[in-house]
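Here is a friendly walk through the local geometry of one protein chain. Please keep the viewer open as you read.

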Amino acid sequence: MQPRNMSMSGAVDLAAVKAAAEAKEKAEQARAERERQQAAGGAPAPAVPLVVDVDEATFQQEVMQRSTEVPVVIDFWAEWCQPCKQLSPVLERLTEEYAGRFVLAKIDVDANQMVFQAFSQQLGIQGIPAIVAIVAGQPVPLFTGVTPEPQIRQVLDQLIEVAEQQFGIVGLPAGDGAAPAEREVPAGPYDGPLTAAAEALDRGDLGGAVQAYENVLAEDPGNTEAKLGLAQALLLRRVEGLDAQAVRKAAADDRSDVEAQLRAADLDLVGGHVEDAFGRLVDTVARTAGDDRQAARVRLLELFEVIGGDDPRVVKARMALSRVLF
């Protein structure tokens, strides 16, 4: 069924099911299918190769599609690059050691200049060796140049943690063989409840909308339309009754007041100041630690869902978040 066009007081449009939610849903479905097969005593899912040479023809399948099930670390290298020859064996050995928590895609930049140029322009890569990760279709810059192994391990551990926490991606069985085929998981017949939820949202019945979307998700946790609708309804409910002037003053007077920053970011988004909302929360993540940092990060991810993963502002903010996290 087609996603409904759900307005948010005219400030933000939820016109479609967005890429970030879809990527997370694919990861959840793939993991659930593997668990179902194991519980049923069926044949184990075919294993994937841990290290694979990738070119422009295979990039979409071997990197982008696979990144919905396992983090893909890209090693941009060239035959003439002596530092690459030092780094690549270390990466390959660590890939084997991590045993399926991520896979390594090796890309020869001389033979695949279009791919390398695209990443160079987007991420500002100046040279090789350059190491980038793709998680659920989202690029994450890791490091450039020959890097000490302890630091590489630290970066990989952080990458795996982010993939698990943000996208539910936990990796795949390791070994030789083909990647498991994607399986279509049919959605339940929720047209009626989703229509009722959207109508409640449009008329300002935020409590009713939240409950309706939560009811759908209780039956169908992977329903992307319900996830996006719930994110929107929760945002509107959070800002309902707030004194905008008082909230913004509190946030300006005390940048260390995380709750004030969260409320101000919500108001920014509802008011259509999307980049201001994202920038405020990225800065808060960078300045804080522990529970405060986690609260700011989670709120930012929630606002990403409201706007949609393929929006350029989300892509830019996700890259900024990755930089402060790593």
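The report below takes helix packing, then a strand residue, then some backbone details.

This is a predicted model, so local features need pLDDT of at least 70, side-chain atom pairs count only at pLDDT 80 or more, and totals for chains, interfaces and linings use all residues. Residues are numbered from 1 along each chain as its sequence is written, and side-chain values use heavy atoms, with hydrogens and water left out.

**Helix packing**

Helix α11 (residues 274-287) packs on helix α12 (residues 290-307) at an angle of about 155°, and their axes are 8 Å apart. Axes here are lines fitted to C-alpha atoms, for helices over the stretch in contact, with angles from 0 to 180 degrees between N-to-C directions. Helices (H or I, at least four residues) and strands (E, at least two) are DSSP runs numbered from the N terminus. The angle therefore makes α11 roughly antiparallel to α12, a label for angles over 145 degrees. Their crossing is left-handed, meaning that the near helix is turned anticlockwise from the far one by less than a right angle.

Contact means heavy atoms within 4.5 Å. On the α11 side the contact involves Val274, Ala277, Phe278, Leu281, Val282, Thr284 and Val285. The α12 side brings Arg293, Ala296, Arg297, Arg299, Leu300, Leu303, Phe304 and Ile307. By class, this contact has eleven nonpolar, one polar and three charged residues. Ala, Val, Leu, Ile, Met, Phe, Trp, Tyr, Cys and Pro count as nonpolar, Asp, Glu, Lys and Arg as charged, and the others, Gly among them, as polar.

A second pair is formed by helix α8 (residues 224-239) and helix α10 (residues 258-270), whose axes come within 10 Å and cross at roughly 115°. This crossing is also left-handed. Leu235, Leu236, Arg238 and Val239 in α8 meet Asp266, Leu267, Leu269 and Val270 in α10, a contact with six nonpolar, no polar and two charged residues. Valine 270 of this group counts as buried because its relative accessibility is 17%, where buried means under 20% relative accessible area, exposed over 50% and partly exposed in between (1.4 Å probe, protein chains only). The C-alpha atoms of valine 270 and valine 239 are 8.2 Å apart, though 31 residues separate them along the chain.

**A strand residue**

Isoleucine 74 sits in strand β4 (residues 72-77). Is it buried or exposed? Isoleucine 74 counts as buried, because its relative accessibility is 0%. Leaving aside residues up to four places away in sequence, isoleucine 74 touches Phe59, Val63, Ala105, Ile107, Phe119, Ala130, Ile131, Val132 and Ile134.

**Backbone details**

Most residues other than glycine have a negative phi, and most peptide bonds are trans. Isoleucine 128 and proline 129 are joined by a cis peptide bond, with omega about 0°. Proline 129 is in the loop between α4 (113-123) and β6 (130-135).

Methods: Angles under 35 degrees count as roughly parallel, over 145 as roughly antiparallel, 65 to 115 as roughly perpendicular and the rest as oblique.
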